[in-house]
There are 2 protein chains.
Amino acid sequence: MTSDTSAHLLALDWGTSSLRAFLMQDARIVDSRQSGHGIQHLPAAGVPGFEQAFAELAGDWVRQWPTLPVVAGGMVGSAQGWREAPYVRCPADIRALAQHPVRVPSGLGPEIVIAPGVLFDEPGMLPDVMRGEEIQIAGALSENRPWAARCCMVLPGTHSKWVQVQEGKILRFATYMTGELFAVLCQHSILGRLLPEDRSALREPNPEAFELGLSEARHSRAGDVSHQLFATRTLGLTGRLPHDALADYLSGLLIGSELVSGLARAREQEAVPLVMIGEPALCARYAEALRFLGQPLAAVFGNTAALGLWNFAVAAGVLLPAN
Amino acid sequence: MTSDTSAHLLALDWGTSSLRAFLMQDARIVDSRQSGHGIQHLPAAGVPGFEQAFAELAGDWVRQWPTLPVVAGGMVGSAQGWREAPYVRCPADIRALAQHPVRVPSGLGPEIVIAPGVLFDEPGMLPDVMRGEEIQIAGALSENRPWAARCCMVLPGTHSKWVQVQEGKILRFATYMTGELFAVLCQHSILGRLLPEDRSALREPNPEAFELGLSEARHSRAGDVSHQLFATRTLGLTGRLPHDALADYLSGLLIGSELVSGLARAREQEAVPLVMIGEPALCARYAEALRFLGQPLAAVFGNTAALGLWNFAVAAGVLLPAN
């Protein structure tokens, strides 16, 4: 990108483990960069760490376009972030988020406008929170997508989200700890003992083991999962599965359990169709699990944070009129 | 105990984290000792560690009664134990266990006769294993207890066991990872972040938080628990529960989930009444949860390993006839 190209927005998708920066023009990404400086992996503690991470990744962009507006979403607005942007309550859409931005000096000139997260908190129901996913959802709802009127957005990950969307608003949602359970059980429980060292969740899976986990989840009843988890060990001890397939059983069981519960919830809420947003390899695994359960999937998106942050910037009125 | 008292058996309950030794006479404990030298906490690696742990705890007893038979049960017979005693398959009773003992030199003179564990492994069902609980069950089934003909034995713990007993035999059982899930989630997941440092599972609980967890479990459907777990965090974030009560919600949710699943299984198997064996404070917490769910409990036992090991020694024919 040369200096005569005009840029309209610098958008930061700032999560727990990574920081992504997008240079945008007319709702399109014209350049992007990424670093490992998520809020839990900053180069220094506290505010200097945020300033340094921002300057290292995007300092030259800011020097080139000193008046460029900067917006940010994700864990950067959490209590452990750069500055806390208190949650907006459901029902929430991008306009509601844009009414509650929080501003922080970037250390380089421009302020950074941080988007809030979303809170679901109704009497008699378990509360829930999201931070970052609401931006991804705003991106996926752009351009009058057919499902903006009504859908169930599924965002698989460390803390998967199942989100009931209606008339472009987040009405209600539920977090499933699927990814974190997988990691914690492999690394810190007895289930990890029989697993080979290379147990990346996203290597090529053993399909039979993955489907055995899905099948267990499909036929399970309330509370069964804590028993079915233990089979990650006993299927190996008895030689029913090779040790290098045990993690796939565990993955199938945990993903399957999330799907069985999430789909029941979506049916109750009449939240259809299913739309998925997330990292491609993980989405492919979830899509395979949905096929196994006979469940159609309307669309799959990769990272839609940049477009969501653009929409946030427009709604918050921070885009430069001159651009 | 003086040297003129006669002793008939030295029984070792040797688990992962502790070693208990019982000096027995006519099925009664006449003396007992305990050390922290479970098989994962030995004073030295390998066989010398087992020999040293045994000698330190019971060497003077062996010197006093050099011909005393010695039996052991629990993880000491696992693949990571002193010598592996391969699993006996269901249906299994104390006689079946006694037909497959494994002997190991103690390093002090007498051999140690190690009891095997039990395996459930039927086609189309998840396999399961136990090691140590079968000895506790043998103790609780002694003396023609009314429930020996038919019952469901519940052994709460790190890996809780729900055991269908019929005609004195273990027909089938299921492990629930309840205690390990609680520990691993508190120590290694995001759920631990809001918990105060002192989060012993067995301190005086906050009854409302514990019952909220039980209530969530009671009203849950398949797969819901991975969502309900996350509320250990969000109930704190939203101020619905004080931070020092969050572990009680988690405990109630995990114990409740185990009970809901285990009770459904017991009903199907017509495995009644419920009989519980375990550490008194933990059993009290489970009993409270069962009351909340309106479920009667026929009996609660503390550690019945000594009596179970006595029965094993009798069945294995290792007791000295002269005694």
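## The sheet and what sits around it

Tutor: In chain A, five strands make an open sheet of mixed pairing, in the order β12-β11-β10-β13-β14. Strands (E, at least two residues) and helices (H or I, at least four) are DSSP runs numbered from the N terminus, and two strands pair if DSSP finds at least two bridges between them. Keep in mind that this is a predicted model: local features need pLDDT of at least 70, side-chain atom pairs count only at pLDDT 80 or more, while totals for chains, interfaces and linings use all residues. As for labels, residues are numbered from 1 along each chain as its sequence is written, with chains lettered from A and ligands numbered from 1 in the order in which they are written.

Now look at the edges: β12 (169-176) and β14 (299-301) of chain A each pair on one side only. Neighbouring strands of the sheet are turned by 20° against each other on average, direction ignored; axes are lines fitted to C-alpha atoms, for helices over the stretch in contact, and angles run from 0 to 180 degrees between N-to-C directions. At one end, β13 (residues 274-277) of chain A runs parallel to β14(A), with three bridges between them, and A:I277 has A:F301 as its bridge partner there.

Helix α3 (residues 133-140) of chain A packs on this sheet, touching β10 (150-155), β11 (160-166), β12, β13 and β14 of chain A. Its direction makes about 130° with that of β10(A). Contact here asks for C-beta atoms, placed from the backbone, within 7 Å of each other.

Next, hop over to chain B and zoom in on β10(B), residues 150-155. Five of its six residues are buried, and buried needs 20 or more other C-beta atoms within 10 Å of the residue's own (12 or fewer is exposed, in between is partly exposed; C-beta atoms are placed from the backbone). A hairpin of four residues links β10(B) to β11(B), and these two strands are antiparallel, with six bridges. In that pair, B:C151 stands opposite B:V165. β10(B) also runs parallel to β13(B), residues 274-277, through three bridges, where B:M153 is partnered with B:V275.

Beyond its neighbours within four places in sequence, B:M153 contacts B:I137, B:A140, B:V163, B:V165, B:V275 and B:I277. B:M153 is also among the residues with the most contacts inside the largest nonpolar core, along with A:V71, A:M153 and B:V71. That core has 208 residues; a nonpolar core is a set of buried Ala, Val, Leu, Ile, Met, Phe, Trp, Tyr and Cys residues joined through C-beta atoms within 7 Å.

Back in chain A, helix α4 (residues 178-188) has buried residues too, including A:L181, A:F182 and A:L185. Their cover includes β11 and β12 of chain A, plus α4 and α6 of chain B.

That brings us to where the chains meet: 40 residues from chain B and 40 residues from chain A take part. On the chain B side, β9 (128-130), β12 (169-176), α4 (178-188), α6 (225-237) and α7 (246-268) each supply at least two residues. α6(B) gives the most, with 10 residues. This side divides into 19 nonpolar, 14 polar and seven charged residues, counting Ala, Val, Leu, Ile, Met, Phe, Trp, Tyr, Cys and Pro as nonpolar, Asp, Glu, Lys and Arg as charged, and the others, Gly among them, as polar.

How values were computed:
Contact = placed C-beta atoms within 7 Å.
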